[in-house]
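Colleague: I would like a close look at a single part of this model. Please keep to the place where the two chains meet.

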Amino acid sequence: MPDAVLDVLWYPLPAFVQDLLIFAGLLAPLIVVAAVLWRGFAFGPLLRAMLWRYRGTNAVFVVLIALAVGVGAALIAQERGIREGTARAADGFDLIVAAPGSEITVLLAAVYLQPSDVALIEGPLFSEIESHPRVRLAAPLAYGDSWEGRVIVGTIAPFIDHLSGPLAEGRLFEIPDEGVVGARVPLALGDEITPAHGFGEAADTEGHLGTSVRIVGRMAPTGTPWDEAILVPVEQVWITHGLANGHAPDKPLSHIGPPYSADHFPGTPAVLVVPEELYMAFSLQSTFTRPDAMAFLPGAVLSQLLTVLGDVRAAMSALALVTQGLVAVAVIAGLLLLTRLFARQLALLRALGAPGRFIFGVVWSYATVLIVVGAVLGLIVAALTTGAVSSYLTAQTGILIEARLRWPELHLAAGFVSAASLIALLPGWRVLRRNLTADLRG
Amino acid sequence: MGLALTLRDVRVLGDDGGAILSVPALDVAAGSLVGVRGPSGAGKSTFLTVLAGLVEPDAGEVRWGAQDLAGLNSEGRAAFRRASIGLVFQDFLLFEELDAATNAAIAASFVPKASRKGLRARAEARLERLGVPGGARAITSFSGGERQRVAVARALAHGPQVLLADEPTAALDRVTADALIADFTALAREDGLTVIIASHDAQLLAQMDRVISLADGALDA
């Protein structure tokens, strides 16, 4: 369609209307065939009789169709849910500065809390970032410890406010031995924990004996892995590891947080940088991309990753379509065989004077009922599956995955139903070509 | 009122080119009851399928009243059956999943909407006249005689002028067959139908106005 026409007629339409029209357009072949074949006839009793007679076989056909549509729709919805969930998890992370290395490694560590060993940013660079006029917030993200599988991150109090807004309960930490937990951490205010050194099964639970962190606040839910994190003052991480506390030795530790002393800054794996204005992130990225530093926009790195995933998605979608096509062909082939079992009843109807269009319509309607019921069940299966898988992934990753069926899945199902219903014209055509008197004899 | 039947030089050829039905001339008066007898394989069923327009003869004229079936295509012949011909088969050919009333009124599925109500009413009336108990009962609970009565009600529900029956009593015991024959012939005479029945049943044939014979596809009037 010419762009000028699209500009006038299509693009101004609300997205909902566009989706609705696409849905209707995809179903149009089915509706047109139904309108032509059903006009003036009453198929109800016959269809019910035919469907009931071979209910077991029909149920198998419906299940096959439901699985084909369900798997296809679930794959698309799940992929989109993961994509949106991971993107949402990176929302608050405007710019990350780290020591030169792998952007993806730092992205996974700093945003998705999958820590690994990386080089540290040293004091002078941190001070330079912190004091840059275009930087509103420079938050060290220091990890190295954990508690019962949950990552302990050393940072500053303003980062917590930036990440989750006002706390759900309690207050921000004020001294090194206090911590704030994510929304889903099973600790209550006042609980005290001893950090384990390292992560996972390799964590050394006795490495920091004698160190204790008291929980004083709980973040509001963010739908990110940070809901499972324990945030402590970065000074606490440094002190626990026997390092300087980031401040000049002559200063009492009654004050935590910035500014830090460049000479006594032990280092941090990553720094979250929030610019004064969003557009400044690009110039800051340019400023801090240099031999001793690496700066990247998590959203851009994620976008590159999702581009790769997009190819996977296209392949999955193609596979889903091929699967649906094969199932449709298998079902229609089965129906061709099944109509032989109905041959005598259909011949009777022809003998009683039923028009060819009626016979054609009976067979087509029979097939289409199975296809439509299968597709609707498939969407229900997809909705239940994506709900269950999303809950599992959310529990496993901490990233809130909210995969729901949307228009693309409805379009997929509508396209499948229409295409399959067109193929379903074949059995009707075959029935009309059968020898009537031979079929009557049975 | 029934239709008169006129057959002239009707021939139906088999796959080998030989005639499986040959009727040089046959005239049946409107409203008469005609039996067709002959041994198995004599061509009785083929004869009925030609009269019903289910098989197009290779030659000749099949005329019901003023309507020459040779002048109709398959859809036209179907329309003629829909309007004018009732069919009864040896083994009933009912939809087991439907009740008696729905089976008897099955043609309501494909007749014009305006005719459906009348067709259903006639089907109910015929079932009642034929003594079929409980029109809404499942067909699976019916005896053979009851099933054939439902099939007869179905054949009459659309108000045909012609009734063609192929061995309607062959699957029934004697008592049931006799009862069906009595009701069947009475109904046909009440409605003035032209009836042609192919049968081996001497008791049934004895109720006919006229009996014709077929042997090796040839009519022996």
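Which residue of chain A forms a salt bridge with B:Glu97, and how far apart are the closest N and O atoms?

Modeller: The partner of B:Glu97 is A:Arg53, with the closest N and O atoms 2.6 Å apart; a salt bridge here is a side-chain nitrogen of Lys or Arg within 4 Å of a carboxyl oxygen of Asp or Glu. This is a predicted model, in which local features need pLDDT of at least 70 and side-chain atom pairs count only at pLDDT 80 or more, while totals for chains, interfaces and linings use all residues. Residues are numbered from 1 along each chain as its sequence is written, chains are lettered from A and ligands numbered from 1 in the order in which they are written, and side-chain values use heavy atoms, with hydrogens and water left out.

Across the interface of chain B and chain A, the rule finds two salt bridges. On the side of chain B that touches chain A, helix α2 (residues 74-84) of chain B gives the largest share, four residues; helices are DSSP runs of H or I with at least four residues, numbered from the N terminus. In total, 23 residues of chain B are in contact with 23 residues of chain A, contact meaning heavy atoms within 4.5 Å.

The area buried between the chains is about 2100 Å², and carbon and sulfur atoms give 67% of that; buried area is the accessible area (1.4 Å probe) that two parts lose on being put together, summed over both.

Terms used. Helix = DSSP H or I, 4+ residues; strand = E, 2+ residues; numbered from the N terminus.
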